Amino acid sequence: METFLKWIDHGLLSMGLSSATSHAVDNYLAILIAFLLSLLVTWLANRYLIPVICRFINHTHTRWDDLLLNPRVLRSLCRLLPPFILYHAVPFFSAGSEIPGWIDIGCRIYLSVGFMTLGTSVVKTAYTVWD
């Protein structure tokens, strides 16, 4: 998305930054925008999507959805959204350039811990139901 970086670059130039400074700052600003977008999507999912799913699940007669899609598991699943969105949005916002190493490593570590937390939530839910 070369046009997105040009839009950021034009905005920085109109604020009075020099051309060299705006070229240096625009990739970091794109990463910041991707990070804020991931936080916004996570907040929207926690605030609006999880309550809708929980209300829908409470009206079904099957038992497996009550086990796998309880609020604890859904919140653990929503914690996986920020690194997933950030990992996939940074190349989109930074015109296809490589993901910086610290973002790549951070997202992979966060996803690993998040999947372990999700698995723990599913096991705890299953244990409390079958106990």
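Select Thr-42, which is found in helix α2. The model on screen is a predicted one. Is Thr-42 buried or exposed? Its relative accessibility is 10%, and buried means under 20%, so Thr-42 counts as buried. Now show what surrounds this residue. Leaving out residues up to four places away in sequence, Thr-42 touches Cys-78, Leu-81 and Pro-82.

Next, select residues 19-58, which form helix α2, together with residues 71-78, which form helix α4. These two helices pack with their axes 10 Å apart, at an angle of about 150°. An angle over 145 degrees counts as roughly antiparallel, so α2 is roughly antiparallel to α4.

Which residues make the contact between α2 and α4? On the α2 side, select Thr-42, Ala-45, Asn-46, Ile-50, Ile-53 and Cys-54. On the α4 side, select Pro-71, Leu-74, Arg-75 and Cys-78. Colour the contact by residue class: 7 residues are nonpolar, 2 are polar and 1 is charged.

Last, move to helix α6 and select residues 101-130. How many residues does α6 have? The helix has 30. From its first C-alpha to its last, α6 reaches 44 Å, close to the 44 Å expected at 1.5 Å a residue. Then pick out the buried positions along α6: Ile-103, Cys-107, Leu-111, Gly-114, Leu-118, Ser-121, Thr-125 and Ala-126.

Terms used:
Residues are numbered from 1 along each chain as its sequence is written. This is a predicted model: local features need pLDDT of at least 70, side-chain atom pairs count only at pLDDT 80 or more; totals for chains, interfaces and linings use all residues. Side-chain values use heavy atoms; hydrogens and water are left out. Axes are lines fitted to C-alpha atoms, for helices over the stretch in contact, and angles run from 0 to 180 degrees between N-to-C directions. Helices (H or I, at least four residues) and strands (E, at least two) are DSSP runs, numbered from the N terminus. Angles under 35 degrees count as roughly parallel, over 145 as roughly antiparallel, 65 to 115 as roughly perpendicular and the rest as oblique. Contact means heavy atoms within 4.5 Å. Ala, Val, Leu, Ile, Met, Phe, Trp, Tyr, Cys and Pro count as nonpolar, Asp, Glu, Lys and Arg as charged, and the others, Gly among them, as polar. Buried means under 20% relative accessible area, exposed over 50%, partly exposed in between (1.4 Å probe, protein chains only). The expected span of a helix is 1.5 Å times one less than its number of residues.
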